[in-house]
Amino acid sequence: MLPHLDAAYTLAFWLTRDEDRARDAVQEAYLRALRFFGSFRGEDGRPWLLKIVRHACYEMLDRERASAADQFDEEAQGADGAATGAVLVFPLGPEAAAIARARRELVHDSLRAMPHDYREVLVLRELHGCAYKEIAAIAGIPIGTVMSRLARARRLLQAKIAGQVKREDTGT
Amino acid sequence: MNCLETARLLNPYVDGELDLSAALAIEEHIQACARCRASFEGLQAVRAAVSRECEFKTAPESLRLSLEAGIAGEGARSVVSLLRSPLAAAAPGIAALLLVGWLMLAGAPNSGRPPASGQTRVVYHISASDTAGAALRNLANHLNAAPELKAVVVAHNYGVDFLLRGARDDAGELYETAVRDLSRRGVEFRVCDNTLGRRNIAPGEVIPAATLVPSGIAEIGRLQSREGFIYLRL
């Protein structure tokens with residue numbers, strides 16, 4: 001019945017990193033969407049709505065002054081460009097389920113820990129499948145910035161995952 | 001295409017954002033250059049990790065219901081279908097009209113439909129069992145602050161539990177006592193019959209102070225669109 005609700009909730013969850021806050025942000029966003037409907041110019045409704053969701057999330061986070069929790073571990077910076085696909089291959093074994101769970105947590109935690117400028121472009125691209133043009137409209141940034149932030153976000157994530165796997169390898 | 005250009009365009013390449021000639025040039029370079037190929041594979045691996053491990057979420061059913069109830073009414077449905085279909089929204093005039101229609105039907109502030117008697121009409125929607133106690137307390141406070149209030153409680157889903165015979169709150173008190181007090185003060189309690197059917201609860205289980213309505217959600221929509229109630233969800 002409601003258009004784009006899952007997309008709105010997914011974005012809100014990854015921006016606020018919390019189910020309850022995502023819920024509140026989506027409620028707020030839909031009410032605003034209806035209030036702002038006069039500004040809707042007949043373009044695709046999804047980016048328009050996601051833009052309102054994004055705004056509602058950041059307003060909520062600002063209110064909560066949650067930025068203290070936003071510090072990303074930048075130690076991975078030195079590994080920029082050095083990480084390759086090989087380190088993402090995980091060993092298979094009798095503990096395959098536990099390993100899969102650990103890997104999932106690692107990717108989740110890394111994404112959650114990423115600064116929101118990078119996290120939002122990555123989520124919109126990989127989970128929502130948005131084109132650069134749509135991301136630019138939603139986040140209110142030039143397409144060139146979308147491109148550079150996306151590249152940076154992927155490097156950060158790659159290095160974070162690779163770093164963690166290397167530590168686990170040498171730690172045992 | 002050299003390594004520097006490839007590195008710069010690798011992200012738009014994997015995202016399908018390059019035109020054909022640039023994409024072909026990248027492919028050619030990746031075939032020839034092991035270092036750039038490794039970067040490409042690393043990029044694909046991290047993309048796969050995100051899309052595999054970080055799910056596209058499904059909004060909770062309670063959120064969906066609450067939003068639907070909150071924007072119930074014909075106007076809202078039209079707005080929603082417009083949002084869904086970009087072509088149909090080409091006329092801003094119609095959009096503005098629908099927006100006004102929605103505001104009126106939803107009984108929002110500044111709506112064009114003043115309550116008939118200056119009386120505040122509120123429908124409380126209770127859809128979870130653990131919020132019932134707080135809802136009843138809020139409702140009593142609401143009545144104390146605004147004695148002319150007309151309140152209807154619509155219970156739906158697990159929100160019906162507190163209106164069943166013998167149901168007690170965390171302190172061990174019968175909910176029925178508080179419900180009767182509020183009933184005497186003019187509050188009406190309505191229970192969703194669909195919920196009872198779905199959860200195999202006999203209508204006789206419901207305390208006498210509450211009445212049954214065929215659908216809790218439809219009731220909320222009706223109260224808002226036809227009777228000028230505003231919506232509070234607890």
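These legends walk through several close-up views of a predicted two-chain model.

**A note before the views.** Residues are numbered from 1 along each chain as its sequence is written, with chains lettered from A and ligands numbered from 1 in the order in which they are written. In this predicted model, local features need pLDDT of at least 70 and side-chain atom pairs count only at pLDDT 80 or more, while totals for chains, interfaces and linings use all residues.

**View 1. Chain A is a run of helices.** Chain A holds seven helices and zero strands, and its elements follow the order α-α-α-α-α-α-α from the N terminus. Helices here are DSSP runs (H or I, at least four residues) and strands are DSSP runs too (E, at least two), numbered from the N terminus. Of the 172 residues in chain A, 43% are buried. A residue counts as buried if 20 or more other C-beta atoms lie within 10 Å of its own, as exposed if 12 or fewer do, and as partly exposed in between, with C-beta atoms placed from the backbone. Among contacts in chain A between residues at least 6 apart in sequence, 73% join residues at least 24 apart. Two residues are in contact if their C-beta atoms, placed from the backbone, lie within 7 Å.

**View 2. H1 and H5 of chain A pack against each other.** The axes of H1 (residues 5-16) and H5 (residues 116-126) of chain A come within 10 Å and cross at roughly 155°. Axes are lines fitted to C-alpha atoms, for helices over the stretch in contact, and angles run from 0 to 180 degrees between N-to-C directions. H1(A) and H5(A) are therefore roughly antiparallel; angles under 35 degrees count as roughly parallel, over 145 as roughly antiparallel, 65 to 115 as roughly perpendicular and the rest as oblique. Look for A:Leu11, A:Trp14 and A:Leu15 in H1(A), which meet A:His116, A:Arg119, A:Glu120 and A:Val123 in H5(A). This contact of H1(A) with H5(A) has four nonpolar, one polar and two charged residues. Here Ala, Val, Leu, Ile, Met, Phe, Trp, Tyr, Cys and Pro count as nonpolar, Asp, Glu, Lys and Arg as charged, and the others, Gly among them, as polar.

**View 3. A helix of chain A meets a helix of chain B.** H4 (residues 96-113) of chain A and H3 (residues 34-53) of chain B have axes that come within 10 Å and cross at roughly 100°. That makes H4(A) roughly perpendicular to H3(B). From H4(A), A:Arg103, A:Arg104, A:Val107, A:His108 and A:Leu111 meet B:Ala49, B:Val50 and B:Glu53 of H3(B). By class, the residues of the contact of H4(A) with H3(B) are four nonpolar, one polar and three charged.

**View 4. The nonpolar cores.** The largest nonpolar core has 64 residues, of which A:Ala8, A:Ala12, A:Val26 and A:Val53 touch the most other members. Such a core is a set of buried Ala, Val, Leu, Ile, Met, Phe, Trp, Tyr and Cys residues joined through C-beta atoms within 7 Å. Helix H7 (residues 143-171) of chain A gives the most to this core, with ten residues. Leaving out residues up to four places away in sequence, A:Ala12 touches A:Ala22, A:Ala25, A:Val26, A:Val53 and A:Cys57. Another core, of 31 residues, lies apart from it, and B:Val152, B:Val154, B:Phe189 and B:Tyr231 are among its members.

**View 5. Helix H4 of chain B and its cover.** In H4(B) (residues 61-70), the buried residues include B:Leu63, B:Leu65 and B:Leu67. Their cover includes H1 and H2 (19-35) of chain A, along with E1 (121-126), H10 (216-227) and E5 (230-233) of chain B.

View 6. B:Ser127 sits in the loop between E1 and H7 (132-145) of chain B and counts as buried, with 24 C-beta neighbours inside 10 Å. B:Ser127 and B:Ser62 are 65 residues apart in sequence, yet 7.7 Å apart in space, C-alpha to C-alpha. Beyond its neighbours within four places in sequence, the contacts of B:Ser127 include B:Ser62, B:Leu65 and B:Asn157. B:Asn157 has a positive phi of about 55° although it is not a glycine. Most residues other than glycine have a negative phi.
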